[in-house]
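The following note concerns the salt bridges of the model shown below.

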Amino acid sequence: MASNKPAPEAPSAYELDDRGAFAGPGYAGGDAEFDGDGPWEEWDPTEGSVRPVRGKHRVAKQRGGGLARSGTVLGVGVIAAVGAGGMASAEDRPPVPISMPDVGGMVHDLADSLPDAASLPGVGALISDSGGHSATSADSATSAAATSAADESGPLSRTAARTDASGSGDGAGEALRSRILQQADAQQGAAEEEAREAAEGAAVKQAAVEAAAAKKTAEQAETAKQAAEQEAKRKAEEAARQKAEAARLAELAKSFIAPVSSYTLTASFGQAGDRWAADHTGQDFAAPTGTPVKAVHSGTITQAGWAGSYGYRIVLTLDDGTELWFCHLSSMVKTSGKVSTGDVIGRVGATGNVTGPHLHLEVRPDAGSPIDPMPWLRDHGVNV
């Protein structure tokens, strides 16, 4: 272990002379000068040989000029002097030179008598005992850096650094707050835009659905309208046809008549019997012998005479080529030439292959095979 001379004990502030220099034994200008020699003792820099530090303050190094400073005490004093409303007034006044004694020896004696920093005007607002620290980690780091830099330049610079750090922290917090609000506004704007686009898409889809439904309804209505128009047209055409047919039949009724006025329908067309070789080829009108037989329509008598099993027969050819055969006549009144509707051309009889007096009428279109006379007569307005 090194053997060193024990360190001299720091003088008390009360040992300064009128000039502010140290006075006392062992110092220049004191009662006795420090001789620089003496007996050497073994020095162990342990807790027992080092003067204990009282309170939370540290003693700053003594620099050239003989001025010792304490960062905490002097800083608190300056802040207390310019705190609250005093700082504003201090800014408007010219700087005043301050002559201060070296208070290195007074630190420990005055530490206990100083008031609490939180109770000082303008300082308590900077210290929050109940609400905790409101500064962010960035503000704390900035304040610590500013305080550390200010330790090298004195209490006033350290106070200014703390003030600048606080201002910088407020600026950083305001920037962070502004950035957060901008992000929130951007997110809200994006959400509103997305909601607007979704609403527009839903409106477009709904409009498309409604348009499709309206189109389908219009098509159905158009189809129903066309069907109704076609049905009305069909009914109108049917009514017109029936009216035209009625008019035609009415006109034909004037030109077509039944062959006899009083009769009884007996053997019909196609009926089988032993009196003829094949099925019956005409319609029989039973009537007493001598009943007048009339021309059904105007035409020309092309044949008249005996026809075997038909007895006496008259063939009346109409203008369209249809032949009407009047058979089993008892007598023939006209045997040739033009005749008009209703002219008497013969009389009912029972000549030929018959069982009693009747008129056998056949209808042969275009002088061909016979057809049923009853529908033909009805088609020409004859009610038989």
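1. Helices here are DSSP runs of H or I with at least four residues, numbered from the N terminus. The model is predicted, and the points below should be read accordingly.

2. The structure contains 6 salt bridges. Three of them are discussed here by residue: Arg196 with Glu193, Glu200 with Arg196, and Glu362 with Arg364.

3. In the pair formed by Arg196 and Glu193, the closest N and O atoms are 2.3 Å apart. Both residues belong to helix α5, which spans residues 155-255, and their separation of 3 residues is about one turn of the helix.

4. Arg196 also meets the side chain of Glu200 in a salt bridge, at 2.4 Å from N to O. Glu200 and Arg196 are 4 residues apart within helix α5, again about one turn of the helix. Through these contacts, Glu193, Arg196 and Glu200 are linked in a network of salt bridges.

5. How accessible are the members of this network? Arg196 has a relative accessible area of 38% and is partly exposed. Glu193 is likewise partly exposed, at 33%, and Glu200 is partly exposed at 40%.

6. The salt bridge between Glu362 and Arg364 has its closest N and O atoms 3.0 Å apart. Is this pair buried or exposed? Glu362 is buried, with a relative accessible area of 0%. Arg364 has a relative accessibility of 13% and therefore counts as buried, the cut-off being under 20%.

Key:
Residues numbered from 1 in each chain as written. Predicted model: local features only at pLDDT ≥ 70, side-chain atom pairs only at ≥ 80, totals over all residues. Heavy atoms only, no water. Salt bridge = Lys/Arg side-chain N within 4 Å of Asp/Glu carboxyl O. Helix = DSSP H or I, 4+ residues; strand = E, 2+ residues; numbered from the N terminus. Buried < 20%, exposed > 50% of the residue type's maximum accessible area, 1.4 Å probe, protein only.
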